[in-house]
Amino acid sequence: MRWRAAAFAVVLAFASALPAGAASRIKDIASLQSARQNQLIGYGLVIGLQGTGDSLRGSPFTEQSLRAMLENLGIATEGAAARVNNVAAVIATADLPPFASVGSRIDVSVSSLGDATSLRGGILVMTPLSAADGEIYAVSQGSVVVSGFTAEGDAQTLTSGVTTTGRVPGGAIIEREIPMRFTDTGHLIFQLRNPDFSTAVSVADAINRHTGKRYGGMLASANDSTTVRVARPKNVALPRFVAEIERLVVETDAPARVVVNERTGTIVMGHDVRISKVAVSHGTLTIRVNESPIISQPLPFSDGVTAVEPLTDITAMTEGGQVAILNGPNLQTLVAGLNSIGVRPDGIIAILQGIKSAGALQAELVLQ
């Protein structure tokens, strides 16, 4: 646990060095409402596996798909018994980027649908990918790249990563474009990736400063905490205008938040986290029970029998328990106060939850 405590101190110390507001480009914190991705999905087969595919009895849909594919290729399979184990049924997914043109390629992710144990070394055969409207927008095919592996012996099995999912880099060719009315619109809508009223107003102010100097008018207004509306200036190419807006730098803001992951012991604090003056005591009680029975042997040539005399040793130990005064007017002071208690990350998580319940944590506590 020492490395976890050290990692906790490093993470918090790094966060304390950050300024209250970070300067970011608009393109890094917001995206155009019309320029959105679309999700694609398809059902296909991965072939060429080394005996790690679906068992056709356990995955009957794999056998049906295999027969249908062979019949489409002109091979009659009626009445024939399929006993292959190098085929796996998979679900293929991909994200269709905005403004994607016909003929461009995108990456595809594949996941096993049956009881296959690994997709390593397989090839995804031609798989149509459709969107929510049911139309086919891309077709995928290619070698599956799997990062995980499995090594199995008679008495032990070693598995690293996930072997039933993989990727086909550049494995899908776009066959249909999604119509976009980008150049015909009279205004632009920028959506913040992290909604915040202060950031939205800062974005609108930065755009107005730029358009006021360059185009002689204020064209932006913050609609809410998420969207900023920008009017299109006359006689200006829209792609060039968007490029000018995206390069503008603004000061972002965010609410004070503490994110805690109890499974991994990870704690991340924002710069504006504050703690009112509070006294904290944390200690753990450990009880250890040790059984050391004594075997008593009878004397030679006697009528005695071997007896077992129980012997139990119980030890109680208390770790920590000291009382510390925490007062975090800034993040650096708060980190120093928490580290002074000398507890592990799981103890710090419990302390933060207790401080929040006491009303002294001036931030949102997010538990994952």
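**Helix α4**
- Helix α4 spans residues 197-214, which is 18 residues.
- From the first C-alpha to the last, α4 reaches 26 Å, close to the 26 Å expected at 1.5 Å a residue.
- The residues of α4 that are buried are Thr199, Ala200, Val203, Ala204, Ala206, Ile207, Asn208, His210 and Thr211.
- At the start of the helix, a side-chain oxygen of Asp196 comes to within 3.1 Å of the backbone nitrogen of Ser198.
- Just after the helix, Gly216 has a positive phi of about 75°.

**Strands β15 and β16**
- Strand β15 (residues 257-261) and strand β16 run antiparallel and are joined by four bridges.
- Val259 has Val268 of β16 as its bridge partner.
- The two strands form a hairpin, with four residues between them.
- In the turn of this hairpin, Gly265 takes a positive phi of about 75°.
- Strand β16 (residues 266-269) has Ile267 and Met269 on its covered face, while Thr266 and Val268 lie on the uncovered one.

**Confidence**
- Over residues 1-20, pLDDT stays under 50.
- For residues 1-20 the model has 25 contacts beyond four places in sequence.
- Where pLDDT is low, the predicted coordinates should not be read in detail.

Conventions
Residues are numbered from 1 along each chain as its sequence is written. This is a predicted model: local features need pLDDT of at least 70, side-chain atom pairs count only at pLDDT 80 or more; totals for chains, interfaces and linings use all residues. Side-chain values use heavy atoms; hydrogens and water are left out. The expected span of a helix is 1.5 Å times one less than its number of residues. Buried means under 20% relative accessible area, exposed over 50%, partly exposed in between (1.4 Å probe, protein chains only). A polar contact is a pair of N or O atoms within 3.5 Å; within protein, one must be able to donate a hydrogen and the other to accept it, and residues adjacent in sequence count only if both atoms are side-chain atoms. Two strands pair if DSSP finds at least two bridges between them. pLDDT is the predictor's confidence in each residue, from 0 to 100. Contact means heavy atoms within 4.5 Å.
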